[in-house]
Amino acid sequence: MLHGGDYNPDQWLDRPDILADDIKLMKLSHTNTFSVGIFAWSALEPEEGVYNFEWLDEIFENIYKNGGRIILATPSGARPAWLSQKYPEVLRVNASRMKQLHGGRHNHCFSSEVYREKTQNINRLLAERYGNHPGLIMWHISNEYSGECHCDQCQHAFRHWLKQKYDHDLKALNDAWWTNFWSHTYSDWSQVESPSPIGENAVHGLNLDWRRFVTDQTISFFENEIVPLKEMTPNIPITTNFMADTFDLIPFQALDYSKFAKHLDVISWDAYPAWHNDWESTADLAMKVGFINDLYRSLKQQPFLLMESTPSGVNWHDVNKTKRPGMHLLSSMQMLAHGSDSILYFQWRKSRGSSEKFHGAVVDHDNSSENRVFKEVAKVGETLEKLSEVVGTNRTSDVAILYDWENNWAINDAQGFGMKTKRYPQTLQQHYRTFWEKDISVDVITKEQDFAAYKLLIVPMLYLVSEETISRLKAFVASGGTLVMTYISGIVNEHDLTYMGGWHKDLQEIFGMKPVETDTLFPNDKNFVTFRNGTYELKDYATVIESNTANIEGVYQDDFYANTPAITSHQYESGKSYYIGARLDDQFHQDFYSELIKDLSLEPVFPVTHGKGVSVQVRQAPEHDYIFVMNFTEEKQQVSFETKVTDMVTGEDLTGEITLDKYEVRIVEKSTN
Amino acid sequence: MLHGGDYNPDQWLDRPDILADDIKLMKLSHTNTFSVGIFAWSALEPEEGVYNFEWLDEIFENIYKNGGRIILATPSGARPAWLSQKYPEVLRVNASRMKQLHGGRHNHCFSSEVYREKTQNINRLLAERYGNHPGLIMWHISNEYSGECHCDQCQHAFRHWLKQKYDHDLKALNDAWWTNFWSHTYSDWSQVESPSPIGENAVHGLNLDWRRFVTDQTISFFENEIVPLKEMTPNIPITTNFMADTFDLIPFQALDYSKFAKHLDVISWDAYPAWHNDWESTADLAMKVGFINDLYRSLKQQPFLLMESTPSGVNWHDVNKTKRPGMHLLSSMQMLAHGSDSILYFQWRKSRGSSEKFHGAVVDHDNSSENRVFKEVAKVGETLEKLSEVVGTNRTSDVAILYDWENNWAINDAQGFGMKTKRYPQTLQQHYRTFWEKDISVDVITKEQDFAAYKLLIVPMLYLVSEETISRLKAFVASGGTLVMTYISGIVNEHDLTYMGGWHKDLQEIFGMKPVETDTLFPNDKNFVTFRNGTYELKDYATVIESNTANIEGVYQDDFYANTPAITSHQYESGKSYYIGARLDDQFHQDFYSELIKDLSLEPVFPVTHGKGVSVQVRQAPEHDYIFVMNFTEEKQQVSFETKVTDMVTGEDLTGEITLDKYEVRIVEKSTN
Amino acid sequence: MLHGGDYNPDQWLDRPDILADDIKLMKLSHTNTFSVGIFAWSALEPEEGVYNFEWLDEIFENIYKNGGRIILATPSGARPAWLSQKYPEVLRVNASRMKQLHGGRHNHCFSSEVYREKTQNINRLLAERYGNHPGLIMWHISNEYSGECHCDQCQHAFRHWLKQKYDHDLKALNDAWWTNFWSHTYSDWSQVESPSPIGENAVHGLNLDWRRFVTDQTISFFENEIVPLKEMTPNIPITTNFMADTFDLIPFQALDYSKFAKHLDVISWDAYPAWHNDWESTADLAMKVGFINDLYRSLKQQPFLLMESTPSGVNWHDVNKTKRPGMHLLSSMQMLAHGSDSILYFQWRKSRGSSEKFHGAVVDHDNSSENRVFKEVAKVGETLEKLSEVVGTNRTSDVAILYDWENNWAINDAQGFGMKTKRYPQTLQQHYRTFWEKDISVDVITKEQDFAAYKLLIVPMLYLVSEETISRLKAFVASGGTLVMTYISGIVNEHDLTYMGGWHKDLQEIFGMKPVETDTLFPNDKNFVTFRNGTYELKDYATVIESNTANIEGVYQDDFYANTPAITSHQYESGKSYYIGARLDDQFHQDFYSELIKDLSLEPVFPVTHGKGVSVQVRQAPEHDYIFVMNFTEEKQQVSFETKVTDMVTGEDLTGEITLDKYEVRIVEKSTN
Ligand SMILES: [Zn+2]
Ligand SMILES: [Zn+2]
Ligand SMILES: [Zn+2]
């Protein structure tokens, strides 16, 4: 199990005493893995063509001799000043077409041939020098890829990308983007410009293709970076660190990670939940952490790495509160529980200056192993040493929720409905919640993944959906699957062009009904849906439904569609479908899915009785289950094991009722044969 | 009565099936008039000098054969990409002096000779080809003129405009703009630059003249557009579509429509009230709709056209809620009631792609005549067919409220008072409200219109007022009129230069008092005015008054001006004047104006007894009154007719008490001789 | 005592009647001093090299003959249009690298050689012409220096400044700015650019040095301006008008006035408190006025001038409320009480046009001496005539609070803690409050001033502190001083580099403890500190403390650091120190400092018993105390003099209890020998 994190000795080359302390403190903190070289370009190549690897040689040696391993980063995330100065084409141009000055990070032109050449060159030198070092276990390509460039090189690349996509047929592009609207027809490829606040920004097809291009061009840049690594170190796995968007920890929106994931050997990501905040309970936030981990795990259906996290607090939230005692162990174990094979930190040591000097770290400015944070890190290290069996294990799920990056882009870009109430990713979290509360494993999958593996597939707010996906949904239900869909689904195809002639026939067949109006409500509007024995408040959206062969499961209470269907179900061939017409409250989702869980005999990952705020997650080995029992509340909680299990940390056998302290976590093992 | 709207067949030229459906659906929806060609430039001239009119020929033929008529738009609202590419001078430069890229719409340089030539050329071709077509009933010039350009051509045009205005006397400009302040004296015309966030923006005289120039230059562009139309189709009336500013539906502020109106044959406008919102009652919003219609009707003292409206919802509000059943008929009839001779929609059919695909339309993506919206449109159509007598009728009013665009610009630009509490147009709505509630017809006039036609003239917050207007107000009162003025009136002249030596002598004569201080209050400050038997809360503004010969009608209750005059009245020659020193609550306005209505024997348009939220409006033919009785509440309402009337839709005779359902409207006829 | 203000006859040269009225009104208003020439450049030099001084000659003569005196301004605050047009290099470039257009004011490039030459030239001509005029009493250099320029000239000047500072050693700069972080190492001086939103903005060392450079370059510009004045009029004192930042009246943040003050003969400043607002009591605001005056007085430890104030309201607040009757006298006397030797206004007369025409003035647009404001000004004038003895007197304090501009920059720039809750200056006000309420004189000093002069030194939130300052603090305590320090102190050195190895040893010695964690709280988090007999709520920040030899004075009530030290005290050699670990409420500060006041026998400036909201301040002459007793409440207040004093305005003797009306002020005299 990897434990450690981002290590920046290049900031301390003048301080051999500090570098020596690092080695000692690494041991004391039970860490074993360090990501080095992120942002080290200036230290490696202080002037063009002048290299200085000696310091890094020493770091490799010292860590390795100390029992540690290294994840080596390529330094493209921030370039030296001499590079920007000599080759200004590497500087980004923003959407307002202002060329940026040198500074910051993550801000190169992703099309620049010069930058691609320079990064490949330094990467090649790193691979040559360290590729065979026994301490090297992984490549960390660049850092938190993000952003976009609108320079002439990128305009050219975008047009080239479009020509490929539309097969050099400009009319095909005009049709896909519906450019007859507002006289926007292009009569020449050279007229196409990336979206801009000072130009075009309301052509949704253009916006959507631009976002696709940004993802593809970022991957293209990444692929260029790894050429020498693949060539020279074919056995060293490659990752890059993914992100989430704050504060709801929704999937990072700027890049389509479902595409990017295919180019990585291992998914890794940087998780910074705002624990102990004042707007949600600890359990609410833990549920969101579960959701995004289940997505990043499902992307490749394999364990991932936690590449960055903080043992205390961050420095870039509005309020940078530190983790309370116990939270660091608990939150770290949650990552493992959902599929991580590492606990890595940003950062090993707080820097003395510049903007991240107050970001949480294993080693504080006091350079001490005696403070609370250091001790909590060491405790995580000791715990991880008991959990090596867990490495590489995965889990299976009967339930899948579909998340689609392109749908998120399109729905947010849509002019219509409520401008601030789309909240597609948050809606998925709402659907995820009941399963998380009931310890039922969920995969959060993309539209390309296999649906047949699941009993239950949930596709909320699938605004953008291709004919092909509709067919696959139909096949899924036809062959016995259960499908749940909601309001604002099936509206446009992959070009953001609406389906014509009413709701898609296949969808009508699956659901036995059709939506005829989507009502959008003001925040203070009040309406309710009665469903079975309950009454549930609706907000934001209500679909007026014309039922055909569907069963009416719930009806609206008020407004001009009072007593008309709000929720329907339908038997389609061997399967069943549900359509939820309105955005309903949490209680509805709990009641609705509880029934479905019963109907479909969905089982928790492990039979543990517990109260609200406790989460149980599992990692499955061929003959063992590793079960994480986590108390995400500020109170003691009673949990009751139905069968005997063994505590992996203490070695003791557990059965019946035990008490979890505030924030306590128990990791137990159960033989499965 | 025109019924129909914006029709964009140019988006569907690949889909003859859709174009054929349109013709059938037009019939079914009882529509008869279609605005075509808005944004069709790329379809008409796909490459420079290459024209394609065949599709439009067919549209003309098909609509005409189907019994419909056409309002033909000039396409200058959005230009083809080739035009921007070949002639970049047509692209706007914003106030920060950033040249815009191609994209969007309504964004040409209004001074560009090239663009003027190109638009005149395409307009000429349209006039040549369709000018004599029997289906053509009107020209729709461009679309929603708005915005401004700061390019070099426009700077040049602005300086030219200033030289004309100031008779080539730079000192006159310096004096008018008070440029000695902050050493801003111009020593050469070439130093004058339009206002800019990166340059000068605090010289109010400059800002005011710039806004005047923007209006004049927009009109100049419009006049250039219509040259060939006036020449070839002298009998086809010309309009362009005006707008309102959201959400209070205040008059569109960027252009002085009182000037623009003189250049149009018919006023038309685009009305998008946010019905069923959650911050005001339906009646509150209906009052605002009444106010702006009464302004646009009064601009030419003749019926106008509703050029755009939605049968359901829009796509650009924060929350795009659709009209509840019945609201479409009710809100359409309200437009007629205040002077419209049409109900036209944006848009006939929802497009498949781009940013307006979710804007309400007669025909939805389902292409069906069976949905609720389509049926409500057809019902409006059937109703309109009963109301053809109403076309061309107008009405007269005894009450006028003065709205002045220049005053609105100047008062909003004023540094002083409360920065966010000026709210000049909303203050006028507050004064309008009582008359609307009492069914008393009001004209909302401009400073150039004849005051003598009215018994009562209300001029709230007339901050900017010329000597000439003061004289005309004086003459109005002297010859028997009743004048109401408020706080923050009579402060500056037409150059935004303050009157010196105290309040203008003429105003002092009219009112028998003078304001000596304007107190500006914080939101939580509390004070009251006692007036007759009531006590009313004041907000934002309180004028300290020195009364001379005026009667003190109300006094302040608190603060250092407690017990001093807050409201005064004064007999001046044959007329009477009232000065309201403080911004008082709605109840005050109701009590104050109710008394005045009694004093001046102002009569409702028709004697109908009804409760709150019902509005009665009239259109007057030489021998008939057409009376609209409208229930703007969510409850049933009893209304009582004192005389017998005939329902124009059902043909039945009505007298005594009848019940109006929620949102119900009755249109009745009464012989007037 | 100077009474008068900014006078702009250059706006009225066409109106000799107005200029004549001015002279009469000056007499009537009991004013005697006028600042002329601010923004008069266009009037003095209408074209390059063409001068017009005649009007100013006349103004000098007329004022002087009328008994008045003149503060002559240099006109660099706004330049003529011809100057910007001919020499565009004088125009500023903003941080986004956009060159500004001509317009506004206070917007020259402070590095431009041309502008320096032009301003020195006009200053020289002014000095030649008026330097010996008997009416001239002071130079007013430019106006409200502020802002910054990022043009190439300024980049060059910045690099030059850095080379001087770092002794041409680029590595020293790299080390100081910790540029190894994010690969930001400079390999050539030419790579350094000023901070920019489109470039680098997160390198705190760069930001800090840039702010220092901006102060130094502003002073350099100022020094260039005064060369001819120092040369020709060595006996005329020089000032420039300082500012405060709204609305809390915190010290102006953009320039380090502690440096600037050294270059002035007299401090003067422009005070615009928002009296009678709706978010704080009059006394709360008066306390803030006291605080900033005590800072500006302490900068040179001598009386200062109130250069601008308003007799009524301003025009640039959100709500521009006017002073209530009596407030003008009260607020003016408060300025004197804290050390001002003048009451000067912006502005003598309201202009007719442009953006400041509604800013309060002695003479309103009515040109009358009969309105309320004019009469209140005249009353202040009459009062001041009784207070000439006060001129030049100062006072001594036993208590000092340390304010540091650099610390304010650094703490606000810090990424970490709470982004919106730093509030360093407001925290100082909180510490100041108790002394103000108890009439104990406080100096607000800078880090360079002598600490030994005080019994009690308070240094809240001293985030940035050099080794040298730490030594001086240590020496202060060692030799018997009492020192109070708080949370977030002693974190970084003068380069914004953190201290390593834990809290500075000297600080640990002084305080007998060390902070080990700074907890940052969310707004709704709740925690309390118990201290002696009280319990006090904490907000935002709580320091976890490891006490060594310190006494634990208060402990936390809750959270993981419950029952650990929150407040400590410590005897260090002859002195004592207190550390306050949490941001506590006002009550705590009152209780804490009340005890300290008792312990240290700190005495009020004069023994007067009074209730809350009354402030007593003193000016001390060798043999007399001049005591200001001010009622900052809306109620009558009883105050009781223990000894006999003489009212300086009425001449009556006062003893025992007297009643102060709402806003009443009494200025009394007491012989001190
Ligand atoms: Zn690029
Ligand atoms: Zn232009
Ligand atoms: Zn400069």
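**The interface of chain B and chain C**

Tutor: Where chain B meets chain C, the contact (heavy atoms within 4.5 Å) takes in 52 residues of chain B and 51 residues of chain C. This is a predicted model, in which local features need pLDDT of at least 70 and side-chain atom pairs count only at pLDDT 80 or more, while totals for chains, interfaces and linings use all residues. Residues are numbered from 1 along each chain as its sequence is written, chains are lettered from A and ligands numbered from 1 in the order in which they are written, and side-chain values use heavy atoms, leaving out hydrogens and water.

About 4400 Å² is buried between chain B and chain C, and carbon and sulfur atoms give 55% of that area. Buried area is the accessible area (1.4 Å probe) that two parts lose on being put together, summed over both. On the side of chain B, Trp178(B), Trp182(B) and Phe522(B) supply 18% of the area buried against chain C, more than any other three residues.

Charged side chains also meet here: there are seven salt bridges between chain B and chain C, each a side-chain nitrogen of Lys or Arg within 4 Å of a carboxyl oxygen of Asp or Glu. One salt bridge joins Lys171(B) to Asp14(C), with 2.8 Å from N to O.

Which elements of chain B give two or more residues to the side that touches chain C? They are α7 (170-177) and β16 (513-520) of chain B, where helices (H or I, at least four residues) and strands (E, at least two) are DSSP runs numbered from the N terminus. Of the elements, β16(B) gives the most, with three residues.

Finally, the residues on this side of chain B divide into 21 nonpolar, 20 polar and eleven charged. Ala, Val, Leu, Ile, Met, Phe, Trp, Tyr, Cys and Pro count as nonpolar, Asp, Glu, Lys and Arg as charged, and the others, Gly among them, as polar.
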